[in-house]
Amino acid sequence: MISEVPYDAAVPTISAIEGQTATLDIDDVNATDWLPGTVHAIYGTRDPAEIVVKEHIAATHHVHPHIVPAGLPLQRFDLEVSRDDGLVISTGDAHGTLDITPVREFWTKWFNREPWPVEDMYYGLIERFVNRVILTDPAAFEAQRGKSLLYLGNHQVGVESLLFSIIASGLNEVPTVTLAKIEHKETWLGRLIDLCFRYPGVADPKVITFFDRDDKQSLPNIIKELAAEMMGPGRSVMVHVEGTRSLTCRTPVEKMSGAFIDMALGVNAPVVPIRFVGGLPVDPLETRLEFPVGMGRQDIYIGRPILPEELNGMPYGDRKKVVVNAINALGPSNAIETPLPGDPAFDARVNAYLTSHDVSHEHATLATVLTEQKDTTEAVKRVLGASAASELNDGSPEGVWLEELATRLLGR
């Protein structure tokens, strides 16, 4: 198995890479392949043009060249390849741009309807707050496509739970539900999710479910229900294993309940470690965040699925250690993690919206995201263009729904 290059290590290359240019000498490819098959084992190809592009992207993203571009499933690259006297040259932005087309396509098929306002909200939040998604073993992940999975990971900011459910569903083509504490049901996000799937004529995909920590039977009952769904129509589950958001990026995952692993093994589902990176500062916060610090972005690492047969052969206590270690091994080590850059200009626009609307900071953020979205639905344009929420209510089910959305985004 080709493993991911450690984030804090230099990515070994046979190309010379400077900024937006990577140059590969074909003689170096031949020299590396002195033992026939070596180059193909490293890159999955022996084509110099493919190799130079892989190395260009891999060095930029701190990953092994074997996994790209498949390991960056939502990045789109526009690189030009040219040849010059034995050299192959890749030029362009090797970071690429976020393209959530696979996610859109899955949900369009699932809902089987024309574009609707909730898509604008969810896709807008993804495009604003997600930097990239990294599959550390894309072939192993692809092998599980269409199957129920159990995702176990850390927790940095509030919005990541919803966004991961939407993204993971699209990548694996199975609806994904996030498990959350019942307190979150009445937060701005919990209430937003409730509103979204009360939209007329829409089936609720159940992207979040709640359990009550004060009710000893709540979690076991929900685990039982989720297990039945995983075995039945197909459902993946995501759990923040420590149950609450961290206050600093430097704290690794330290503990988790074995009940979730038991659930996965009971339905013969792989366990997939995930890690959210870049959303928290180094110095501990006093309060937990809803959005990445400084209105920045996050990386989402999705690790190699750990198959049931691997876990079944381990002592009970070792199973938890293996999963916790797999989560912490994704991306940069916690000892060196730093937040991704913030966006002061966007933050200023959110604050400007707050000064003219009697709404919460979270709803001001959502409104600003929608304002800056391209090609939104007519319904969202009507909401943002209204002088008062009440003018959207024409007595129809959609009108009633739009008035409630507008009340949250515009204020009363």
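Phe106, Trp107, Trp110, Phe111, Trp116, Tyr122, Phe197, Tyr199 and Trp401 form one aromatic cluster. The model is predicted, so local features need pLDDT of at least 70 and side-chain atom pairs count only at pLDDT 80 or more, whereas totals for chains, interfaces and linings use all residues. Residues are numbered from 1 along each chain as its sequence is written, and side-chain values use heavy atoms, with hydrogens and water left out.

**Aromatic pairs**

- The structure holds 15 aromatic pairs; rings of Phe, Tyr and Trp (its six-membered ring) pair if their centres lie within 6.5 Å, and planes under 30 degrees apart count as stacked, over 60 as edge-to-face and the rest as tilted.
- One of these pairs is formed by Trp110 and Phe111, which are edge-to-face at 4.9 Å centre to centre, with 80° between the planes.
- Trp110 counts as partly exposed because its relative accessibility is 33%, while Phe111, at 15%, counts as buried (buried means under 20% relative accessible area, exposed over 50%, partly exposed in between, with a 1.4 Å probe and protein chains only).
- The ring centres of Tyr122 and Phe197 are 6.1 Å apart and their planes lie at 70°, so this pair is edge-to-face as well.
- Tyr122 belongs to helix H5 and Phe197 to the loop between helix H8 (188-196) and strand S10 (208-211), so that the pair links distant parts of the chain, 75 residues apart (helices, H or I of at least four residues, and strands, E of at least two, are DSSP runs numbered from the N terminus).
- Tyr122 is buried, with a relative accessible area of 4%, and Phe197 is buried with 10%.

**Arg128**

- Arg128 is found in helix H5 and counts as buried because its relative accessibility is 13%.
- Leaving aside residues up to four places away in sequence, Arg128 touches Gly296, Arg297, Asp343, Phe346, Arg349, Val369 and Glu372 (contact means heavy atoms within 4.5 Å).
- The charged end of Arg128 sits over the ring of Phe346, 3.8 Å from its centre; the criterion is NZ of Lys or CZ of Arg within 6 Å of the ring centre and within 35 degrees of the ring normal.

**Helix H15**

- Ala379, Val380 and Val383 are the buried residues of helix H15 (residues 378-385).
- They lie on the same side of H15 because they cover an arc of only 95° around the axis, taken from the directions from the helix axis to the C-beta atoms.
- These buried residues pack against helix H5 (117-129), helix H14 (361-371) and helix H16 (397-410).
- The exposed residues Glu378 and Gly385 are carried on the face of H15 turned away from its buried side.
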